[in-house]
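Please keep the viewer open while you go through the points.

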Amino acid sequence: MKLTIQLRPEGGVRDSTASRRAFLRNTSLVAGALLARGPFTWTQMMAGAALSAAEPGAKPDTTLEISEIEWELAPKKKIRTTAYNGQIPGPLLRVTEGKPVSIEIVNRLDREEIVHWHGQWIPVPVDGAMEEGSPMIPAGGRTLIQFSPRPAGLHWYHTHAMAHRDLTRGLYSGQFGVLHVDPASGDPGQYDQEQFIVLHDWEPYYTASNDGSMMVSYACGSVNGRMLGHGEPIRVREGERVLMQILNASATEVHWLALPGHKFQVLAMDGAPVATQATVETLRLGPAERITALVTMNAPGVWVLGEAQKAFRDAGMGVVIEYAGRAGKPQEPGAEKPAWDYRMFGDATPAARTPDVTIPMVFTSRFKGHGALDEWMINGKSWPHTDPIVVREGLRHRLVFDNRSTDDHPIHLHRHNFELVSIRGAATSGVHKDVVIVEAGTKVEADLVASNPGNTLFHCHQQDHMDMGFMALFRYA
Amino acid sequence: MACGVCAAAAHAQGNYEIQVYGADTVAPRSTMVELHSNFTAEGHPAMGGVAATNHAEHETVEITQGINDWSEVGFYIFTSEQSGLGVEWVGDHIRPRVRVPEKWRWPVGVSLSTEVGYQRALFSPDTWTWEIRPIVDKTTGRWYFAVNPALERTWHGPDVNQGIGFSPAAKISYDFTKQITGGLEYYADYGSITNIASLRDQQQQFFPAIDLNVSPKWEINFGVGVGPTSATDHWIVKGIVGRRFDWGKQKQ
């Protein structure tokens, strides 16, 4: 049975994923507090023809405040980072597809910032990518944005600032949160509780990679801002169906997630329902990828929902799942990294599509020294010198991602999604994504039907790759 | 350099393992096996019951086992081959090492090794020696820098009363390509730290050297050294070939 991904009104939601009402109450309090403080630079952006103008001083639906915080990952592990509304992850933003939302963003940092609404098909001014033309939020400034959320599903918001060599900035920081767009109508689905699971890695440092170049590694990781064993367990009852909304908000790491004794029925990827709701024991999520999966709680006990790879789990990436009436030492995943193929979730018989245009995109790197990050190139050029990729509205463009490097790349296209057409030469259809991992030395083909005019950023979602030139701009003809 | 069999100044340097250490340690569940081949093209003749270094071929097998992400233990087997003596076992050393874990995010790599071992009097008058070697290195862009200000102590032999000897080593290199790195290595023995030897009695060696980074599993280093002081072997050709073997699941 397919499920439409929508919050069931009476569905249980744990404290860390506060209800929309509580969320709005909290953010109104933040907004009120901000109005009582000093002056800010005011910028205003509107998007969507159906929206009414937002006047300076108009009350937003919600407010995000970017500030520096001290955060306790574990009782003996405090970090200083930047975050939204003083919490990690940022507040769960729950909106309805097509219903305009206004969001005030207050930047309390001493540098420019920008917030990207990842997965949303919204206009350039509010998308949150300076390379497209979205304005930065000045240091100490604020902005009010409005947009009509679409499409429905699990999406997120995060900083789109560059980090370069500063491992405290960009997605190395705590500037990320979940944006869930409820569908305007449809079957709410059958589940008993919904859990949002957000993965992140902390305390990054440079280290030598196996291929001889520098890479970023991390001292610790977290689920929903806490290291394993230090957050509230997820409490379940036998027989419950738990809808897990999982986001990998890591700056650079691919993560494998497992819950021993249980299986994940994958319903959606990157917010879009999949053609085949395959059931798997382990999930793979590249940076920025999202998976919506249903887990039936049929193995009473105390378990760790965590990274399948022990090293990451030991570093803190996991959360305890506790059945009612059960206690004891949580049992950890025993699996590591099983095979993963997006085609598992595609149509049983791939549909043949005929593209109007084929666009080859070759990914390569240039060695800059064993003590430096590689420079990344698309079709032989590195941002900002990459050639613009011209698309035409209404046409089907076949994007051929040819990864000739020794790294995997989570490729992301702003303001659109694409349908996977082939993986390593094997055909597929019915999997729509806005991030796809193109493994080292392989090709992935994806079809983009251009339907949202305006500059559109295309990049690798690994922060260090993006910082080192792995970006290009799609332009509408 | 882990100058595996170093006697003090005025003695021939034990050209068994000629290498400037970097701060990295071998990963856990990995074993590094290295063969150090050093030929002294112009060295010292036999004297005082100690074998000549001139035209001696020294082969050293080094086996290093990674313990965790901040420690390793190395083990050495030293051999020598030369005219009149044939192939001879020289001695063995053991070398534990700890490092500052990368996740501490220090701006430089730092580790500390200590090496203790025995070598036959035929090849070194000091038969039991101990060394402690701080290691600091830094990779930035295409450049690499390393210093090893080692301190040595003789436990048994003529230099037992010399006290602590100072034997620094250093390296600077540049990545010409991803696979080829060229640089200069420096090795010295200044004698007692409280009574530095005169320049002629110091050992000073300079090795232009090349590292070939053909694979993360292989280590290849080649160099030609010149020793300008009378106490130093004047010409040495050195080579290192290492192969890393991984056991079990590796940390990602």
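1. Four strands form an open sheet in the order E5-E10-E9-E7 (chain A), and the pairing is mixed. Strand E5 (90-96) and strand E7 (115-118) of chain A are the edges; each has a single partner strand, so one side of each has no neighbour in the sheet. From one strand to the next, the twist averages 20°.

2. Within that sheet, have a look at the pair formed by strand E9 (residues 153-159) and strand E10 (residues 176-182) of chain A, which is antiparallel and held over 6 bridges.

3. A:Pro89 sits in the loop between strand E4 (77-84) and E5 of chain A, and the peptide bond that joins A:Ile88 to A:Pro89 is cis, with omega about -5°.

4. Strand E25 brings us to another open sheet of chain A, with 5 strands in the order E25-E34-E33-E27-E31 and mixed pairing. Its edge strands are E25 and strand E31 (435-438) of chain A, each pairing on one side only. On average, neighbouring strands here are turned by 25° against each other, direction ignored. E25(A) runs parallel to strand E34 (residues 471-476) of chain A, and 3 bridges join them. One handle on this pairing is A:Ile389, which has A:Phe474 as its bridge partner in E34(A).

5. Now to the interface. On chain A, 22 residues are in contact with 17 residues of chain B. About 1,600 Å² is buried between chain A and chain B, with carbon and sulfur atoms giving 53% of that area. On the chain A side, A:Tyr205, A:Phe367 and A:His370 lose the most area to chain B, together 33% of what that side buries.

6. What kinds of polar pairing would you find between chain A and chain B? There are 8 residue pairs in polar contact, counting those with both residues at pLDDT 80 or more, while the number of salt bridges across the interface is 0. Strand E11 (193-208) and helix H3 (310-314) of chain A each supply at least two residues of the side that touches chain B. E11(A) gives the most to that side, with 6 residues.

7. Strand E11 of chain A also contains A:Glu203. This residue is not a glycine, yet its phi is positive, about 55°. For comparison, most residues other than glycine have a negative phi.

8. Finally, a word on confidence. Chain A has a mean pLDDT of 89, and 87% of its residues reach 70 or more. Residues 1-54 of chain A are another matter: pLDDT is below 50 there, although the stretch has 129 contacts in the model beyond near neighbours in sequence. Where pLDDT is low, the predicted coordinates should not be read in detail.

How values were computed
Residues numbered from 1 in each chain as written. Chains lettered and ligands numbered in written order. Predicted model: local features only at pLDDT ≥ 70, side-chain atom pairs only at ≥ 80, totals over all residues. Heavy atoms only, no water. Pairing = 2+ DSSP bridges. Axes fitted to C-alpha atoms, helices over the stretch in contact; angles between N-to-C directions. pLDDT = per-residue confidence, 0-100. Contact = heavy atoms within 4.5 Å. Buried area = accessible area lost by both parts, 1.4 Å probe. Salt bridge = Lys/Arg side-chain N within 4 Å of Asp/Glu carboxyl O. Polar contact = N/O pair within 3.5 Å; in protein donor to acceptor, adjacent residues only side chain to side chain.
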